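Here's a quick walk through some strands and helices. Have the structure open and follow along.

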Amino acid sequence: MPSRLDGPLKVSGRAEYGADHNFPGMAYGYVVLSTIANGEIEAMDVTAAKSAPGVIGVYTPFDPLELRTPSLPMFGETWVPLQNRDVAYYGQPIGFVVAETFEQARDAAMLVDVTYRERPALTSLEDGLASAEEAPPGFDGSPQTHTLLASGVDSIEDALADSPVVVEATYSTATQNHAAMEPHSAVAVWDSGVLTIYSGNQGSDLQAMEVAGALALDPSAVHAVNPFVGGAFGGKGRTSTPAFLAAAAARALDRPIKAALSREQVFTATAGRAATVQKIALGADTDGRLIAVRHDSWCSTAMDRSFVEPTSHGTSREWYATPNLALSQKMVPLNIPPTTFMRAPGEAPGSFALESAIDELAVALNMDPIELRMRNNSTAPPGRDLQWSSKHLDECFSVGAARFGWASRSPHGRTDGDWLVGVGTATAMFPALRFPASVEVTLQADDTAVVATSGADPGTGLLTVLSLVGAESLDITPDRITPRLGDSALPPGGMSGGSTATASAGTAIMIAASKVIDDLLVVATSPGSPFQGMETSYADGHVLAGGRTMTFGEVLRAVGRPSISAIGSSAPGEEMTKHSFSSFGAQFCEVRVHKWTREARVSRMLGVFDAGRIINDKAARSQIMGGMIWGVSAALHEGLEIEPNGRMANADFAGYLLPVNADIPEVDVHFVQHPDTLHNAVGARGVGEIGTVGMAAAVANAIYNATGVRVRHIPIVIEDLL
Ligand code: MOS
């Protein structure tokens with residue numbers, strides 16, 4: 001299987017990320033952050049900062065850079081920095097210092113003296129539960145709080161009361177930050193009225209549009225370039241604070257500006273994942289068939305209420321068959337940094353609660369947890385008529401159980417010397433989506449082809465997918481394809497988000513390739529051309545007719561054309577009215593808990609996934625593996641600690657724990673491949689996010705199996721297992 005085309009450039013340091021760009025006369029910006037969580041800025045004394053060595057400009061809400069609130073909310077958010085004196089969280093961008101060097105800008109930033117009128121801050125989800133608000137409708141416009149009852153049933157409480165077996169518990173998950181390896185950063189350069197912005201982002205055309213909106217420019221006056229992105233995971237969907245400020249300062253000062261957040265600043269000056277509290281009740285008959293599911297969720301949100309972590313919404317769309325279902329989703333506005341999409345938003349924390357509860361139900365029923373899940377396997381989302389286009393969750397579990405050796409599991413774990421050993425499992429699901437995307441395919445006279453789209457490859461492998469699907473669609477080898485992305489001047493590729501890029505761009509490639517082949521045949525048969533007036537066909541990179549063949553390059557050379565191009569576009573369409581679409585998976589893990597120290601170590605991991613056709617097995621396995629490791633991280637390591645005053649206690653890589661190699665065993669990833677051509681022509685459903693779904697619950701379930709201790713919050717720490 002092909003390796004990533006950009007891999008050698010990345011590991012050898014030759015890939016140029018946003019902040020790697022340098023220009024003559026470039027100045028450096030440093031962002032100033034608030035040190036209170038709630039209140040108003042009364043004054044900012046910038047005298048010392050302005051007279052510090054090398055300082056060129058100091059911008060504050062009293063002397064701001066000109067930035068407009070974008071008229072189109074990008075993923076629900078419209079906030080731009082420095083436009084008013086309100087402080088809604090600790091670590092909010094409130095100033096920007098520009099100097100000749102990075103060190104001078106940073107030093108001067110420390111000299112900005114801020115006076116606040118402080119108000120009491122609400123920073124804890126627990127404390128805020130009493131002031132919870134109803135969540136607005138979900139991404140697809142449907143209400144997030146709703147109830148589905150079988151006929152003759154008056155309420156979900158009645159359905160639960162009539163259930164022979166009921167489990168009910170409250171689960172909670174920690175707030176997290178994407179903490180991408182590449183901190184949010186930007187270099188902005190103005191040249192003849194055009195702004196070029198180099199900044200890691202999940203979609204270059206979307207970034208160009210958003211920056212144009214904020215600077216009140218025509219979109220054609222902004223050029224966004226991001227061929228390499230050092231991780232994003234939803235945290236680089238929007239234009240970042242350094243990018244807004246660098247762009248505006250470059251205009252104000254007429255100099256190229258570079259700005260980057262420090263690692264610590266990334267934790268508050270970007271958006272992260274909400275904390276959640278989820279109350280679940282499951283009612284079943286004694287055979288394990290679900291009678292009622294109630295899932296009530298609360299999530300933290302920033303005071304601007306710009307994002308809801310839709311934990312209950314996931315349950316409604318996707319999970320188990322049940323005649324009675326009640327979901328509610330509330331949000332709790334807090335003085336915390338904004339929350340946003342983060343790898344499997346909704347599904348990641350939602351599956352911890354639901355899949356833990358299912359495991360608790362299996363215990364209550366004294367039933368194998370896989371058997372319980374299979375008895376409640378759905379053929380369509382609860383309450384919807386549209387059947388899944390292709391669902392092989394049962395195969396994921398049966399293949400996984402065999403690979404993992406599930407049959408030797410004991411309901412009470414086993415011991416191995418001083419270690420208590422347990423195994424756990426969970427279902428993974430993530431919706432299969434597609435976003436609008438356009439791709440240009442160009443055949444060139446040298447018998448190579450270019451596949452180009454503006455979108456971004458934030459480490460997902462999209463660049464390589466462009467090459468593979470391009471090669472397949474043109475019936476030539478991938479080494480003859482030059483893939484291009486990460487440039488807003490290319491046809492709009494949309495977002496690398498929602499696990500959509502392969503399905504979206506891939507379909508557009510197929511359309512563009514088929515168009516360009518049609519155009520080639522027209523060129524080849526037109527007057528004066530080698531195949532004039534003949535009935536031609538195309539195969540293997542050649543035009544064929546009457547026993548004669550020529551490569552497309554030979555045809556183009558014969559007619560004196562350097563190249564021929566076509567653009568293909570794809571968007572979700574009629575298929576949405578015919579089926580429901582989701583990917584599925586079965587997570588397995590083995591955890592060893594030390595009898596005396598109570599440390600928990602994951603010793604085996606397996607994920608088996610049904611994500612349609614897999615285009616590049618190697619890259620897909622890497623994506624899934626990263627997701628599964630993130631699930632272990634959520635279960636055992638990762639969580640931001642917010643102090644009562646709103647300051648994050650562990651906003652660095654010393655305190656914000658992430659698994660390292662020593663924490664992770666071999667990760668076994670397996671795909672059951674059933675191409676889903678009802679969803680899109682490529683048959684792929686995307687693997688970016690599903691890998692993390694369910695994994696945290698599988699870890700917690702394995703810990704229960706090993707120790708008999710049910711921990712209903714993540715991350716799980718030693719103290720929970722004493
Ligand atoms: Mo993702 S959370 O769709 O970038």
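A43 sits opposite T115 in strand 6. This is a predicted model, where local features need pLDDT of at least 70, side-chain atom pairs count only at pLDDT 80 or more, and totals for chains, interfaces and linings use all residues. Residues are numbered from 1 along each chain as its sequence is written. Helices (H or I, at least four residues) and strands (E, at least two) are DSSP runs, numbered from the N terminus.

Strand 6 covers residues 113-118 and pairs with strand 2 in the antiparallel sense, over 6 bridges. Pairing here takes at least two bridges found by DSSP between two strands. Strand 2 (residues 39-45) also runs antiparallel to strand 4 (residues 86-87), joined by 2 bridges. There, E40 has D86 as its bridge partner.

Now look at the open sheet with strand order 21-20-19-25 and mixed pairing. Strand 21 (481-484) and strand 25 (563-570) are at the edges with a single partner strand each, so one side of each has no neighbour in the sheet. From one strand to the next, the twist averages 15 degrees (angles run from 0 to 180 degrees between N-to-C directions, and axes are lines fitted to C-alpha atoms, for helices over the stretch in contact).

Strand 20 (residues 449-452) pairs with strand 21 in the parallel sense, over 4 bridges.

Helix 13 (residues 462-474) lies across strand 19 (437-444), strand 20 and strand 21, at about 135 degrees to strand 21. Contact means that C-beta atoms, placed from the backbone, lie within 7 Å. Helix 14 (residues 501-525) packs on the sheet too, touching strand 19, strand 20 and strand 25, and its direction makes about 145 degrees with that of strand 25.

How enclosed is helix 14 by the rest of the structure? Largely, because 19 of its 25 residues are buried (20 or more other C-beta atoms within 10 Å of a residue's own, with C-beta atoms placed from the backbone).

## Helix 10 meets helix 17

Helix 10 (residues 347-365) and helix 17 (residues 695-707) have axes that come within 8 Å and cross at roughly 35 degrees. On the helix 10 side you'll find S351, F352, E355, S356 and D359, which meet A696, A697, A700, N701 and Y704 in helix 17.

Terms used:
Two residues are in contact if their C-beta atoms, placed from the backbone, lie within 7 Å. A residue is buried if 20 or more other C-beta atoms lie within 10 Å of its own, exposed if 12 or fewer, and partly exposed in between; C-beta atoms are placed from the backbone.
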